[in-house]
2 protein chains.
Amino acid sequence: MPTIIEVAALAGVSTATVSRVLSRPEQVSEETRRRVLEVVRESGYTPNVAARSLRTLRAAKILLTVPDISNAFFASVIRGAEEAARDAGYSVMVGDTRHDPEVEDQYADMLSRREVDGLIFLGHRLPASLAPLLARKGTAAPIVNGCEYSPDLGVPSVHIDNAAASADAIQHLIDLGHRRIGVITGPEISPISRDRLAGAIDAATRAGLRDSLHIRVGDYSAGSAVDQTRDLLAQDVTAIFCFSDEMAMGALSAIGDAGLKCPRDVSVIGFDDLPLARYFQPPLTTIAQPKGMIGRRTVELLVDILRGVESPSQQVTLRHELVIRSSTAPPASGL
Amino acid sequence: MPTIIEVAALAGVSTATVSRVLSRPEQVSEETRRRVLEVVRESGYTPNVAARSLRTLRAAKILLTVPDISNAFFASVIRGAEEAARDAGYSVMVGDTRHDPEVEDQYADMLSRREVDGLIFLGHRLPASLAPLLARKGTAAPIVNGCEYSPDLGVPSVHIDNAAASADAIQHLIDLGHRRIGVITGPEISPISRDRLAGAIDAATRAGLRDSLHIRVGDYSAGSAVDQTRDLLAQDVTAIFCFSDEMAMGALSAIGDAGLKCPRDVSVIGFDDLPLARYFQPPLTTIAQPKGMIGRRTVELLVDILRGVESPSQQVTLRHELVIRSSTAPPASGL
DNA sequence: ATATCCGATGTAATCCTTTACATTCGATTG
DNA sequence: CAATCGAATGTAAAGGATTACATCGGATAT
């Protein structure tokens, strides 16, 4: 691997010229450019990123942290982010925080240390070590949130209208005729879980059915939904709305274990529209989030900030969609 | 963010001493060390990674590429890898190649450019751009494969005994009394799919049932299994062995669509033991791979190479396990 | 008392690239 | 023809850390 010095020598020019050929080719004469590029190609020269980033104070990298990489929801977001990053000349580092604040802080330190130019976090916790940076630079800090919008964070964010989406789900169940509806939420600290709950309660209240909602707290995992579903079935609910598709999977499993059948005995509606949701038994009715687009827009937002665009958007709200498959149906008429 | 120079000035020592305190503290006197560390703490100094890596030619980073980040199987492997990397003082960059050779090459270039110290790839394709490096350094090249062992790659690898695991699955079905067994494989280029197929055929042949196997080609995705399952059901198989849990999910979905019931009418057995497998309907019998351990050992192997351990192991074979849940049962006696 | 050694610390070169500023030279203008 | 300009290129200073080598002073050996 040659250095720029050797390339310059071979091409009979100075290192400055080589550097210019590579980063601002229009400043170099046609003739010289061709000669340099020829040498670059032959020698297989590529600029040393450490040296470059030392000099420019830019790493051309974006850090993307997810609270749980085994959650398929995030996979699609990551994809969208990587594509957008590639388009903008950045590469993405993915970090799995496992909901561990210590790990979150470790990753956040990479930003303080300037190992990466910006941070996108998909969880709801803003790492503590970023507080000073955020206080200093406000929304000009290269930090963006995806999915888990919370106004107190003071960070730009990309998300759907969770309250409205949730209301759509409840409305769908009400329209089908359900009057005893179970809701399995995310953890209480999750801001979007609160938004969704508020939306659900809103929709029920508007229909004069505030009391028909039976609320249970889950943690987005299939396992947590199993227990809560058993509980809800004991309450004779005819439908269950889960705040994630994974929980819907757990709910379906518990329904089957109880000797019941979905949607004949109990309807189930999920949230996320994972790629696998169509293969659930029965295929899952759910709220689709534009996952890839969320990833893409978070990166675009971050890149705007990095480029110093004067007034980057603060909040981007994308459209959700109710996808009706076979896990929801009118309640059994017998009841 | 202060530099080492300012820290040195504040502590009244030279930059060399500060550097030594941080990397080889035993070379510095107790007294000086304390003073320097105090300044470091107060000033919040952290070494600039670009400068360090420029000087040392090491990045303290490992690149881990996965062919499909939305596949939950890889999530667990990534976790194990990240833990092991953290233990060894490295951090992990995750790259999603989406099975795209061009993207694979792009990531591989990060190794050539020394942006990362080593590469772990979980797919079966060795990026073309690494051929020269591999030719030059042989197995001393900092490249390790996980899961997809293939002897022709000439790269150390961590994996299970896929043929034996597959044989176990078939044997389980045979033991239950199945005599018409469908097999849905991975893509034909996948070496582990070939191994598994060989193992399956072996087991069937040993039982004198070579002709009872009905083989269909899938691509590890749920969707591909749906079509193949329909086809197999038309052949009146009483059991289906899928080379991934995702395909098992597709198979279950297709079985339900056909108005049949698992395991009453058709048994299904998967491969991987995803976290969700226990929530399938019915809970899935499958071959468990030690996913976290695969990740961990690939990193350990790579770190051995990076540290110049003279004879790092070439192949690590970990243990699999047949996990019997409820998706397999004896065939309906009526047949 | 002198020579020797060793632990602790300092000096300065080095890693490779980018870029502000300087230089050169041919073309244009008055 | 001298002065001015501008495009193309070169010179050299940064950027921050590591580390080979040099230095210093006190302890030990002779």
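**Close-up views of a predicted two-chain model**

**View 1. Ser112(A) in helix H6 of chain A.** Ser112(A) belongs to helix H6, residues 101-112 of chain A; helices (H or I, at least four residues) and strands (E, at least two) are DSSP runs, numbered from the N terminus. The model is predicted, so local features need pLDDT of at least 70 and side-chain atom pairs count only at pLDDT 80 or more, while totals for chains, interfaces and linings use all residues. Residues are numbered from 1 along each chain as its sequence is written, chains are lettered from A and ligands numbered from 1 in the order in which they are written, and side-chain values use heavy atoms, with hydrogens and water left out. With a relative accessibility of 29%, Ser112(A) is partly exposed (buried is under 20% relative accessible area, exposed over 50%, partly exposed in between; 1.4 Å probe, protein chains only). Not counting residues up to four places away in sequence, Ser112(A) touches Leu130(A) and Met1(B), where contact means heavy atoms within 4.5 Å. Lys61(A) is 51 residues from Ser112(A) along the chain, and their C-alpha atoms are separated by 13 Å.

**View 2. Helices H1 and H2 of chain A.** H1(A) spans residues 4-11 and H2(A) residues 15-23; their axes come within 8 Å and cross at roughly 100 degrees. Axes are lines fitted to C-alpha atoms, for helices over the stretch in contact, and angles run from 0 to 180 degrees between N-to-C directions. H1(A) and H2(A) are therefore roughly perpendicular to each other (angles under 35 degrees count as roughly parallel, over 145 as roughly antiparallel, 65 to 115 as roughly perpendicular and the rest as oblique). On the H1(A) side the contact is made by Ile4(A), Ile5(A), Val7(A) and Ala8(A), and on the H2(A) side by Thr15(A), Val18(A) and Ser19(A). By class, this contact of H1(A) with H2(A) has five nonpolar, two polar and no charged residues. Ala, Val, Leu, Ile, Met, Phe, Trp, Tyr, Cys and Pro count as nonpolar, Asp, Glu, Lys and Arg as charged, and the others, Gly among them, as polar.

**View 3. Helices H2 and H3 of chain A.** The axis of H2(A) and that of H3(A), residues 30-43, come within 10 Å and cross at roughly 90 degrees. This makes H2(A) roughly perpendicular to H3(A). Thr17(A), Val18(A), Val21(A) and Leu22(A) of H2(A) make the contact with Thr32(A), Arg33(A), Val36(A), Leu37(A) and Val40(A) of H3(A). Six nonpolar, two polar and one charged residues take part in the contact of H2(A) with H3(A).

**View 4. Cys147 in both chains.** Cys147(A) sits in the loop between strand E4 (143-146) and strand E5 (157-160) of chain A. Its relative accessibility is 7%, so Cys147(A) counts as buried. Leaving aside neighbours within four places in sequence, Cys147(A) is in contact with Phe73(A), Leu122(A), Val158(A), His159(A), Asn162(A), Ile192(A) and Ile294(A). Arg206(A) is 59 residues from Cys147(A) in sequence and 26 Å away in space, C-alpha to C-alpha. In chain B, Cys147(B) lies in the loop between strand E4 (143-146) and strand E5 (157-160). Cys147(B) counts as buried, at 7% relative accessibility, and has a positive phi, near 80 degrees, without being a glycine.

View 5. Pro263(A) is in the loop between helix H11 (245-257) and strand E9 (267-272). The peptide bond from Cys262(A) to Pro263(A) is cis, with omega near 0 degrees. Asp273(A) is buried, with a relative accessible area of 16%.

**View 6. The interface of chains A and B.** Contacts link 47 residues of chain B with 46 residues of chain A. The two chains bury about 4,200 Å² between them, 59% of it on carbon and sulfur atoms (buried area is the accessible area, 1.4 Å probe, that two parts lose on being put together, summed over both). Arg79(B), Tyr279(B) and Gln281(B) supply 16% of the area that chain B buries against chain A, more than any other three residues.
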